[in-house]
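Below is a briefing on one predicted model. The points are grouped by topic, and terms are explained where they come up.

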Amino acid sequence: MGEIALNIKALNRPGVLRDITEITSLCGINITYTHLFLEDKDHTSVYMELESVKNVKEFMDTVRSLESVISVEECLSLHEIYGKRIIIIGGGAQVAMVAQGAITESDRHNIRGEHISVDTIPLVGEENLKEAVSAVGRLPRVGALVLAGSLMGGKITEAIKEIKKNHEVFIISLNMPGSVTKEADLVVTDPIQAGVMAVMAVADTAIFDIKKLGKRIF
């Protein structure tokens, strides 16, 4: 009921976010997602997704009346625009090939009304990869994580266990040496196919269920 998304431009001053969230609390509005970033040294932008907004115009006018607020604009939510996210992490060459499959398959489903976006980061080193995998748990709307590398294990595997324990994210791995493949929901040898299957796993317009597969390695 009353779900909206707002983009608020304000002066870069201490307490701006506090003032806005205080108004939402007083109005009985729940914040489901927010992020704040600086546009320049003097101006900030606050994006918020809200629920239980009974009177949108009245709430926007109240926020707009704050001294530090420059403008308040209602907009589409990030879910409506970007939808579910596929995250691809690993070596540059492998990431590029997985992304090719994921982007091609996403296009096919998005034409039919889906909203699926693809995020990639090429990384090397166990510590860097571990931190990137752990950070997936702090990202919104992630449907699937694809691990695209030549060798992954150790701290990376531990990070995957935590993601699987605390979040509903499909884990797909390329077929490679290391313990990561033992924790993945699906292991795929061909990187392009891995990207395609990641999208199919999260798309509502695809008739595909990883949990119903008779085997886990392809």
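Serine 173 touches Leu147, Val180, Thr181, Ala184, Leu186, Val187 and Val188, leaving aside residues up to four places away in sequence; contact means heavy atoms within 4.5 Å. Serine 173 is part of strand 8 (residues 170–174), and with 0% relative accessibility it counts as buried. Buried stands for under 20% relative accessible area, exposed for over 50%, and partly exposed for what lies in between, using a 1.4 Å probe and protein chains only. Helices (H or I, at least four residues) and strands (E, at least two) are DSSP runs numbered from the N terminus.

The model is predicted: local features need pLDDT of at least 70, side-chain atom pairs count only at pLDDT 80 or more, and totals for chains, interfaces and linings use all residues. Residues are numbered from 1 along each chain as its sequence is written, and side-chain values use heavy atoms, with hydrogens and water left out.

**Overall**

- The protein has eight helices and nine strands.
- Its C-alpha trace spans about 60 × 35 × 30 Å along the principal axes.
- Of the 218 residues in the protein, 42% are buried.
- Among contacts in the protein with a separation of 6 or more, 73% are between residues 24 or more positions apart.

- Serine 106 sits in helix 4 (residues 92–110).
- Serine 106 counts as buried because its relative accessibility is 3%.
- Leaving aside residues up to four places away in sequence, serine 106 touches Ile116, Val118 and Val199.

**Helix 6**

- Helix 6 (residues 155–166) has twelve residues, which at 1.5 Å a residue should span 16 Å; the end C-alpha atoms are 17 Å apart, in agreement. The expected span is 1.5 Å times one less than the number of residues.
- Ile156, Thr157, Ala159, Ile160 and Ile163 are the buried residues of helix 6.
- Seen down the axis of helix 6, these buried residues fall within an arc of 160°, so they line one face of the helix. The arc is taken from the directions from the helix axis to the C-beta atoms.
- An α-helix has 3.6 residues a turn, so residues three or four places apart point the same way.
- The cover over the buried residues of helix 6 includes helix 5 (126–135), strand 7 (142–148), strand 8 and helix 7 (180–183).

**Helix 5**

- Leu129, Ala132 and Val133 are buried in helix 5.
- They cover an arc of only 100° around the axis, which places them on the same side of helix 5.
- Strand 5 (84–90), strand 7 and helix 6 are what the buried residues of helix 5 pack against.
- Glutamate 127 lies in helix 5 and is partly exposed, with a relative accessible area of 37%.
- Glutamate 127 and glutamate 158 are 31 residues apart in sequence, and their C-alpha atoms are 11 Å apart in space.
- Glutamate 131, also found in helix 5, is partly exposed at a relative accessible area of 39%.

**Packing of helix 5 on helix 6**

- Two packed helices are described by the angle between their axes and the distance between the axes.
- Helix 5 and helix 6 pack at an angle of about 5°, and their axes are 8 Å apart. Axes are lines fitted to C-alpha atoms, for helices over the stretch in contact, and angles run from 0 to 180 degrees between N-to-C directions.
- The two helices, helix 5 and helix 6, are therefore roughly parallel to each other. Angles under 35 degrees count as roughly parallel, over 145 as roughly antiparallel, 65 to 115 as roughly perpendicular and the rest as oblique.
- Helix 5 makes the contact through Glu126, Glu127, Leu129, Lys130, Val133 and Ser134, and helix 6 through Lys155, Ile156, Ala159, Ile160 and Ile163.
- By type, the contact residues are six nonpolar, one polar and four charged. Ala, Val, Leu, Ile, Met, Phe, Trp, Tyr, Cys and Pro count as nonpolar, Asp, Glu, Lys and Arg as charged, and the others, Gly among them, as polar.

- Most residues other than glycine have a negative phi.
- Serine 52 is not a glycine, yet its phi is positive, near 65°.
- Serine 52 lies in the loop between strand 3 (43–51) and helix 2 (56–64) and counts as partly exposed at 25% relative accessibility.
- Arginine 141, likewise not a glycine, has a positive phi of about 65°.
- Arginine 141 is in the loop between helix 5 and strand 7 and is partly exposed, with a relative accessible area of 23%.
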